[in-house]
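Dear colleague,

Please read the notes alongside the coordinates.

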Amino acid sequence: NLPISVAGYRSTWCICYHQPSAYQFLFQYYLRNEGLQLVWAGTSKMLFNLEFTDEEFRRLTDILVKAATAFQADGWWWEGGKPVSLMPYVLMPTLKYHCAALFGGSPAS
């Protein structure tokens with residue numbers, strides 16, 4: 001009943017989140033607490049050695065399940081959550097700034 005899955009192709013894998021939350025980025029801290037450190041450039045990309053053993057995959061599965069269970073228990077995923085749109089907070093101010101720079105005027109206006 002955990003709202004995540006893992007998808008992969010060859011050595012590149014990612015964690016897919018199926019429950020909307022503005023706090024998915026915090027999941028990597030839960031993974032780190034269980035012994036798995038992800039690259040800080042993203043929240044779910046994983047690169048594996050092609051020689052990963054079955055035991056290593058079992059260990060990874062245990063880490064993912066423990067971290068996701070704790071993440072859910074701490075309330076970061078909630079029923080009825082809605083997707084968060086970053087458009088008004090990130091993209092629109094960025095577009096405004098660059099349009100002002102291209103077409104004249106103050107970027108702050």
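Which residue in the turn of the hairpin formed by strand 1 and strand 2 has a positive phi? That residue is Arg-10, with a phi of about 55°, and the hairpin has two residues between its strands.

A word on conventions: this is a predicted model, in which local features need pLDDT of at least 70 and side-chain atom pairs count only at pLDDT 80 or more, while totals for chains, interfaces and linings use all residues. Residues are numbered from 1 along each chain as its sequence is written, and side-chain values use heavy atoms, with hydrogens and water left out.

The protein chain contains three helices and three strands, taken as DSSP runs numbered from the N terminus (helices H or I, at least four residues; strands E, at least two), and their order along the sequence is β-β-α-β-α-α.

Strands count as paired if DSSP finds at least two bridges between them. Strand 1 (residues 4–9) runs antiparallel to strand 2 (residues 12–17), the two being joined by six bridges, and Val-6 lies opposite Ile-15 of strand 2. Strand 2 also pairs with strand 3 (residues 45–47), again in the antiparallel sense, over three bridges, with Thr-12 opposite Leu-47 of strand 3.

For the chain as a whole, 23% of the 109 residues are buried, meaning under 20% relative accessible area with a 1.4 Å probe, protein chains only. Of the contacts (heavy atoms within 4.5 Å) with a separation of 6 or more, 63% come from residues 24 or more positions apart.

Best regards

Conventions: Buried means under 20% relative accessible area, exposed over 50%, partly exposed in between (1.4 Å probe, protein chains only).
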